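Notebook open, structure loaded. I'm jotting down what I look up as I go.

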Amino acid sequence: MSRGERHSINEVIGEVTRALIPNITKNEIRQRTCEQFAASELYSFAWIGCYDPEKEEVIPSASAGIAENTLTGITLTEESPRAKLTKEAVRTRELTVGRYPVDDPPSEDRRDRAHKHDDRTCAVIPLVYEETLHGVLHLATDRSHGFDAVERESLAELGVTIAYAFENEASSANTDSTERKETEAEMTKVTVESEQERRLYETIISSTPDLVYAFDLDYRFIFANDALLEMWGQTFEESVGKTLRENGYEPWHAEMHEREIDQVVETKEPVRGEVAFQHAERGHRIYDYIFAPVLNEEGEVEAVAGTTRDVTERKEAEEALQESEERFRALVTASSDVVYRMSPDWTEMHHLEGKEFIADTRESTEDWLDRYIHPDDQERVMEAIDEAIRTKSIFELEHQVEQVDGSLGWTFSRAVPMLDEDGDIVEWVGMASDITERKEYERKLEQTNAQLRRSNAELKRFAHAASHDLQEPLRMVSSYLQLLENRYGDTLDADAKEFIEFAVDGADRMREMVDALLEYSRIHTNEKDFEPIDCETVLEEAMENLQMAIAESDATITSDELPTVSGDERQLIQLFQNLLDNAITYAGDGPPTVHVSAERRDGEWLFSVRDDGIGIDPAETDDIFEVFNRLHTPDEYEGTGIGLAICKRIVTTHDGRIWVESDPGEGTTFFFTIPDSIAEGTAQKEW
């Protein structure tokens, strides 16, 4: 609601309050109330009905606006929106707000008018005083925002005032009949009307929380109601007859009101303003006030009447709202995301900043679903919206949208419900990110992964076929060379025998390399195939496979207690076996000593295999995990140059890392990591 609309509402409520003063019957009170509301541009119609608890029915007694005097009664047991709203107001004795479908009005005239004016929102105000329900007041408005919290509070207070006017009229009507007859016989009709008007006037101004007062033309107070006296912290006798300054107003404040009083006297028109003033008990407050002329029979101003309303909470709410809107606007400006606002039930999009991704919406629109959301996703979007509304929770969804250029895009949308003090949703504020690039990346990534899967499968088939095709010629070469040596060995000289020996050795090494390549190509895994593996058992299996090499080299292998990890048992055995074999091979002159340990660090297990062998030049440690990368010739140390490459491939498939630390002559330590599975303690043991 804009600031101008708030002031208009206060004016309407003020007019309604003043209209209650001269009324002498309940019917006149009802009719004048409806007419004042309908005369404003804020409400399309007003209707008051009397409540009959026995029949559970609200009977129309006054109306103004749409189809005057044609509105039917409301039976609270029926299922129409009007009946449900009215029943809730009667039951709770509290103001109730809801929507009226344009097809609900019972009369053709009213239905046509409702279609024309789009009466969207209705408020039902119970007229209650001291727990007595005197009826209900229906108000309808076509403002898109309906009735906000400040307006509801003001209307609820007015409902009490109207009910009090009914109560006062009833009390006056129920006085002793004999006394009334005597009074009526002695007094003229004008006197009776004047007395009733006076009582009603005094009742209203004494019960209202607004400040009500009057000045004479010398700026002296000639009347002040209880609310004003409370603000001053003074009695009636202490205040009336005194000027503004004498009642504690600061000079600037008194001078301002004196000028306004002079203006009212000169123009005979009301003056409105807003001012801050110190309340005796509540401290600094902000007030909205109106000075109006009081005319005598000749039409001259004889006094100036005023009403003042405490609007501190409203102003604070407006300032908070303004700050919130400024922050929201700053967020919209700074963000690269789409920002939008939706009605409580998502039937209407109030605003959208498209950020050149989707088309902007500056005015409220109800066709946003067809306008922005791809048909394939509309049902899914509405299901997510319905669930968010039902649970009053955050709406989140990825869906397709139509972009500014008409092409199809993807967005991630997230909207938060804004709740009022009663916990009801008043609006949704959302942001949507352009994800046409992430989705495209995911699509290309999936294509790449599919290609890689096909390529890996082809490589495996190739490796298997190539190794098989190479093995056969190598075996044939080796076999025929051995056959040549066996059959013609006695006739061959020393050089020929040496040549045959070189050829056989080369064929054997070639066959070993093919076997290693085949083993390297087979190292692949899927985490779904992983299972808990006891590394104690893995080390024992690796040592069993190297039993002959350990015995021949007189090697000593020790270890701490090793953990259980998630992995592929066969590959982990080969990993330990290759690292132990490497330590035994490059032990140097003395018997090799190897120690295996593990410690838990940052969610993973760090394993180490430490030896006291010949060591490695630090400048060469980064290259030793590459295929066929050997630091020594086959004549110096046997090997295929693939063992450490296999170790790296195994560790990588287990989401780990492997590296080496070494210095020539100081031994070597290989480190590798495997994600944590089951934490276990450590202890020293030896074979």
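Is Cys535 buried or exposed? Cys535 counts as buried, because its relative accessibility is 1%; I call a residue buried under 20% relative accessible area, exposed over 50% and partly exposed in between, with a 1.4 Å probe and protein chains only. Cys647 is buried too, with a relative accessible area of 0%. How many disulfides does a search of the whole structure find? It finds zero, taking a disulfide as a pair of cysteine sulfur atoms within 2.5 Å.

Ground rules, before I forget: this is a predicted model, where local features need pLDDT of at least 70, side-chain atom pairs count only at pLDDT 80 or more, and totals for chains, interfaces and linings use all residues. Residues are numbered from 1 along each chain as its sequence is written, and side-chain values use heavy atoms, with hydrogens and water left out.

Next, aromatics. I searched the whole structure and got 19 aromatic pairs. My criterion: rings of Phe, Tyr and Trp (its six-membered ring) pair if their centres lie within 6.5 Å, with planes under 30 degrees apart counting as stacked, over 60 as edge-to-face and the rest as tilted. Phe37 and Tyr43 have ring centres 5.4 Å apart and planes at 85°, so I logged them as edge-to-face. Both Phe37 and Tyr43 are buried. Phe215 and Phe221 make a tilted pair, with 4.6 Å centre to centre and 45° between the planes. Phe215 is buried at 1% relative accessibility, and Phe221 is buried at 2%. I also found ring pairs linking Tyr213, Phe215, Phe221, Trp232, Tyr249, Tyr289 and Phe291 into a cluster.

Then charges over rings (NZ of Lys or CZ of Arg within 6 Å of the ring centre and within 35 degrees of the ring normal). Arg30 has its charged end over the ring of Phe166, 5.0 Å from the centre. Arg82 does this with Trp47, at 5.6 Å from the ring centre.

Last, helix H13, residues 375-391. Helices here are DSSP runs of H or I, at least four residues, numbered from the N terminus. Which residues of H13 are buried? They are Asp377, Gln378, Val381, Ile385 and Ala388. They cover an arc of only 110° around the axis, so they lie on the same side of H13; the arc is that of the directions from the helix axis to the C-beta atoms. Glu379 and Arg390 are exposed on the other side of H13. Lys392 follows H13 and has a positive phi, near 55°.

How values were computed. Helices (H or I, at least four residues) and strands (E, at least two) are DSSP runs, numbered from the N terminus. The expected span of a helix is 1.5 Å times one less than its number of residues.
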